[in-house]
Amino acid sequence: MKRTEINDIIAAGDAFIRSFGYVMPPFAYWSPDEIRAPQADTIRSRGLGWDITDYGAGRFDEMGLFLFTTRNGTLDDLGKGRGMLYAEKIMISRRDQLSPMHRHDLKAEDIINRGGGDLVIELFAPDAEGGIDPAAPVTVPCDGVMRHLDAGGRLRLKPGESVTLMPGIWHAFWAEGSDCLIGEVSTVNDDRTDNVFRDPIGRFSTIEEDTAPRHLLVSDY
C-alpha cells in the first residue's frame, strides 16, 4: 500500500467513526514525532493505535480492514491471570471487503456491530490439529443466546448485535449493505503471533513511502 492511500484511509475512517458519535482517544491524533517520544513507550509496546491492513495482497478494497487499538494488556499479565487481561479495538469493514479466514490460539473476543451495514461472519469449528473441520457444526453465544450453525454457516449481525468467539474458532467477515463500524472487546491482543490464517497471507501491509505519514501505524513502531 502507498502511504498516501493509508493517510487517506485514516482520514476517511476517522470521519466515519465520528459520524456514530464515537470519539477516539487523544493519542490517535499525535504526530509521528510524538508517538516516537518516550511519553508513548506504553502505547508503542502494547500496539495501540492505527492499523490499516491489506493482508499483503495489495487489494485493500477487496480484502482489508481498518483497525484502531484503544487499549491492550500484556501477555505477561495474561499468563499470570491477573492485571490488565483485556483489549479493545474499533474497526471498519467496508462494504463487501473481506477480512479473510483466520483463528486465534489465545484471544477470546466479542465482535460487535456498532452501526452501518450488516456484519456477516463465516464460521468453522477447529479439528483436532487446529485446522478447519469441514463438517462439524459451530455453536457461538450471541448476546447471551446460543446460536447453532452448520460448518461454514454465516452469522448475520445487525447493528447492536454481537458474537463471542472463543480461541480456535475459524472466522472470516465482511460488511453487507454499507460500510460497518465494528467494536472488538477481547482478552489481550497480540497481532504479531496470534493470527493463524487459512491461506498464506500476511497480517500487515508492505508500505511504499511515497509521502510522509500523517500518523504512524502500529506496524511502523
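## Note on the predicted model

1. **Tyr55.** Tyr55 counts as buried, because its relative accessibility is 5%. (Buried means under 20% relative accessible area, exposed over 50%, and partly exposed in between, with a 1.4 Å probe and protein chains only.) Tyr55 sits in the loop between S1 and S2. Its phi is positive, near 60°, and Tyr55 is not a glycine. Most residues other than glycine have a negative phi.

2. **Ground rules.** This is a predicted model: local features need pLDDT of at least 70, side-chain atom pairs count only at pLDDT 80 or more, and totals for chains, interfaces and linings use all residues. Residues are numbered from 1 along each chain as its sequence is written, and side-chain values use heavy atoms, with hydrogens and water left out. Helices (H or I, at least four residues) and strands (E, at least two) are DSSP runs, numbered from the N terminus.

3. **Helix H1, length.** Helix H1 covers residues 3-18. At 1.5 Å a residue, its 16 residues should span 22 Å. (The expected span is 1.5 Å times one less than the number of residues.) The end C-alpha atoms of H1 are 23 Å apart, which agrees.

4. **Helix H1, buried side.** Which residues of H1 are buried? They are Arg3, Ile6, Asn7, Ile9, Ile10, Gly13, Asp14 and Ile17. They cover an arc of only 160° around the axis, so they lie on the same side of H1. (The arc is that of the directions from the helix axis to the C-beta atoms.) An α-helix has 3.6 residues a turn, so residues three or four places apart point the same way. The buried residues of H1 pack against strands S1 (49-53), S2 (65-72), S3 (86-93) and S10 (170-187).

5. **Phe16.** Phe16 also belongs to helix H1. Leaving aside neighbours within four places in sequence, Phe16 is in contact with Ile92, Asp179, Cys180 and Leu181. (Contact means heavy atoms within 4.5 Å.) Phe16 and Leu181 are 165 residues apart in sequence. Their C-alpha atoms are 8.1 Å apart in space.

6. **Aromatic pairs.** How many aromatic pairs does a search of the whole structure find? It finds 5. One of them is Trp50 with Phe66, edge-to-face, at 5.9 Å centre to centre and 80° between the planes. This pair links distant parts of the chain: Trp50 is in strand S1, Phe66 in strand S2, 16 residues apart. (Rings of Phe, Tyr and Trp, the last by its six-membered ring, pair if their centres lie within 6.5 Å; planes under 30 degrees apart count as stacked, over 60 as edge-to-face and the rest as tilted.) Trp50 is buried, at 3% relative accessible area. Phe66 is buried at 3% relative accessibility. Ring pairs join Phe27, Trp50, Phe66 and Phe68 into a cluster.

7. **Arg203 over Phe204.** The charged end of Arg203 sits over the ring of Phe204, 4.8 Å from its centre. (The rule: NZ of Lys or CZ of Arg within 6 Å of the ring centre and within 35 degrees of the ring normal.)

8. Is Ser162 buried or exposed? Ser162 is buried, because its relative accessible area is 8%. Ser162 lies in strand S9 (residues 162-165). Beyond four places in sequence, Ser162 touches Ile111, Ile112, Pro141, Cys142, Asp143 and Leu157. The side chains of Ser162 and Asp143 are joined by a polar contact of 2.6 Å. (A polar contact is a pair of N or O atoms within 3.5 Å; within protein, one must be able to donate a hydrogen and the other to accept it, and residues adjacent in sequence count only if both atoms are side-chain atoms.) Asp143 is in the loop between strands S6 (138-142) and S7 (145-149). Asp143 has a positive phi of about 50°, although it is not a glycine.

9. **Asp76.** Asp76 lies in helix H4 (residues 75-80). Asp76 is exposed, with a relative accessible area of 61%.
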